[in-house]
Amino acid sequence: MAGTKSLSLFPLAIFRASAGPPEAERAMRAAIVFTLLAVVVVEGKKSSEPHKCKAVIRSPTENATGDSLEAPSDLHCYKKTTDPNADFTCKWTPGMSAVNATYILHYCVLNKMEDCHSFDAGLSHSCFLNRDGLHTRMGIGMWVEAHQGYRTYKSPVFSVVLIHSTKYDPPQIEKMSRSSGGLVLKWRKQVGEDKGSMNEIQFRQLGELEWSSIMCNTSDGKHTEEKCTLTLHNLTVYEVRVRRTSKVINWSEWSRTEIVPAEIHKEPQVNMTVGKLLKGVRKLRLSLEVPIARALLGNVQYNLTFHSPPCQEDIPTMTLNATKITKPISGSEVKVSIVAFNKVGSSPPKLLKIPAVDLKDLHPFSFKNLTKNMKWCVEWYKATAPREKSRHFITRTPVDFKDMINSTGGEAEDFKLYYFIIHQLTHRGTMKTRGWSEGYQKEGTPRSSPKKVTVLNVTVNSAVVKWAPIPVPDQQGFLQHYVIYITAGNRTREVQVDASETHYKIQELTAATTYSVQIAGKTAAGLGPKSDAEPILTSNIPPTKGWNVIWITIAIAIFTLIFTGLGSFAAKRLKRKFFPAVPSPMSTEALTLTNLKIKEEILPQDEEVLMGDLQVVLQKSTGLPSEDVVSMELGETETCEGDTETLSESCRTPDAEFFLSSDYRRQMLNLPACEPGQEALELSENICSYGETACEVATPTYKNSLVFEMKGESNTSEESIPMRL
């Protein structure tokens, strides 16, 4: 205590001795504060850390003050295991007299107050008691005294049988697993502990205030792990904590409160894309997601296990916090297992299978310009077997295909086709697929002929023969070509066809001749058996394909002509019906302008042209005012007698400066055209006939080259003369 006091007063002495300018004074004050804080921390640390108490011979203080705020309290002594030889730890709570107080621990055997022992704890609030020399199987009374200066403060007496006083350290929950509504908690026993314990587990939903609790007992044994199970609601986040005690109730402190997330009861969701094989690898892109809300699961991680069968010595596993990953893989089949896990367990595994790259997408492997002494993984299998049954071997840089065949260890069979996929092994342990090859250990002749040989499209001088290829197992070597045998009588012709072909057109045949055709396959070892003979009978009828084209062309031409004629006829009819031709008096040759001497003609007084009616009709049809309507005066009609010459001069309008020629009048009256030299005669016969036919004279009224309908009078009856517009 004296040392402490001198240490506490040392900075103050320095400050008093070195007081100077204000800046130095402030710096010195800060140094004093830090020094005092350091002293307090060191003293507090010393007082809180238990140390071994020293047995002293010291009688209890008779005038010690108890049951006050200055006195220590809550004294308890215990061992941390049920081992009877374990040491004890004693702890107490200091009172208000804790500053600069020293502590003495006393105990006396009950009913034997003369048998007492004392231990000096110094400034500490706890200490260890060595098992040796203690009365562990007898009831004892224990108390602690705090000495501060000339004052002594005494704690209440604590009665205990030390052999039964066991208090475990707070358990540390190491594992939690949650499945089907059950939560399993696991923690470890105290070191050296082999007895079971009584455990209290408290739990509550995250965010609630009240705890629920259950009791769980564990069994005795040398196992170091203890576990308890409780039932929780699915998809709910909980808080949980545990405390332990021995069979004599002396509870440990509570464990740290742990968050219990929901279990991942479904396999993770995975989106996968696989890129093309470039430079020996494919890029596998995975996007991972859990099937329920992440807020219920806490921290979720993923374990990814990749398994690629050929040449794989170990199975690499990756643990990821991220949800996206890009990993290069070879061209072989790859299997991936993905498991999502959190604090309480893992999900069912999601299994992915990335198929191997098809052989047609691999480049033929070249044995040239290879780096020597590199490691290669060769995957090989029969062409007739699935790739999943492939075998492999590891070799140094192969020289040629024969070198690879020899590396199979004699397992390759003769006359069997094998596929070889070659992978390069990098120093990082990854594989790069470099190409493929195929071959035979030993070739033979085909053991069967082509199947389904048929003859098609037989003509006078040609035919097409078609067949199914020889199956790969029957080829027994690389097929070089097919040989077609064409036989007519005693003559046989051979034709070689590429091995990739399945049909051939035979030409230069003779008409009306019987042939037979056979086919055989050929490898480097020789020809295989021939197929059954298939007959061919050429035709003696010339091909009619050209005449069919000619007749079709003629039919199309005839149809086109008929369609064109009908279309033209229909167009003319429609034009006549809806757009009739309008004669033009101003331009037609039917209108002849002649200055003639107007003869006087005596017309019967009873024939009168209704000019008023004609003007009304013209006015309504043209929409012109009555004064603009120009009319040609209709002359009085008279009985026409005499010859045709007299007729042509007398049948005209007296007051007109011109008269309508016979051609124009024929157009007006829809009469047939006159023959040369017959004009006057025919006109007189059609228009001005004497006797039975009445003579009509009508002069049209027109405006702007339009001829309108007008009335005419005869000596028999009054009728309307249709005029063309």
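Predicted model: local features only at pLDDT ≥ 70, side-chain atom pairs only at ≥ 80, totals over all residues.
Biologist: Why is the link of C53 and C127 called a disulfide?

Modeller: The two sulfur atoms are 1.7 Å apart, and the cut-off is within 2.5 Å, so the pair counts as a disulfide. By this rule the count comes to 4 disulfides.

Biologist: Which parts does the pair of C53 and C127 tie together?

Modeller: C53 lies in the loop between β1 (51-52) and β2 (54-56), whereas C127 belongs to strand β8 (residues 126-129), so the joined parts are 74 residues apart in sequence.

Biologist: Why is C108 called buried?

Modeller: C108 has a relative accessible area of 3%; buried means under 20%, so the term applies.

Biologist: Why is the disulfide of C216 and C228 called left-handed?

Modeller: The torsion about its S-S bond is about -90°, so this disulfide is left-handed. C216 lies in strand β15 and C228 in strand β16 (residues 225-231), so parts that are 12 residues apart in sequence are tied together.

Biologist: How do you know that β14 and β15 pair?

Modeller: Strand β14 (residues 198-205) and β15 share 6 bridges in the antiparallel sense, and at least two are needed, so they pair.

Conventions. Residues numbered from 1 in each chain as written. Heavy atoms only, no water. Helix = DSSP H or I, 4+ residues; strand = E, 2+ residues; numbered from the N terminus. Buried < 20%, exposed > 50% of the residue type's maximum accessible area, 1.4 Å probe, protein only.
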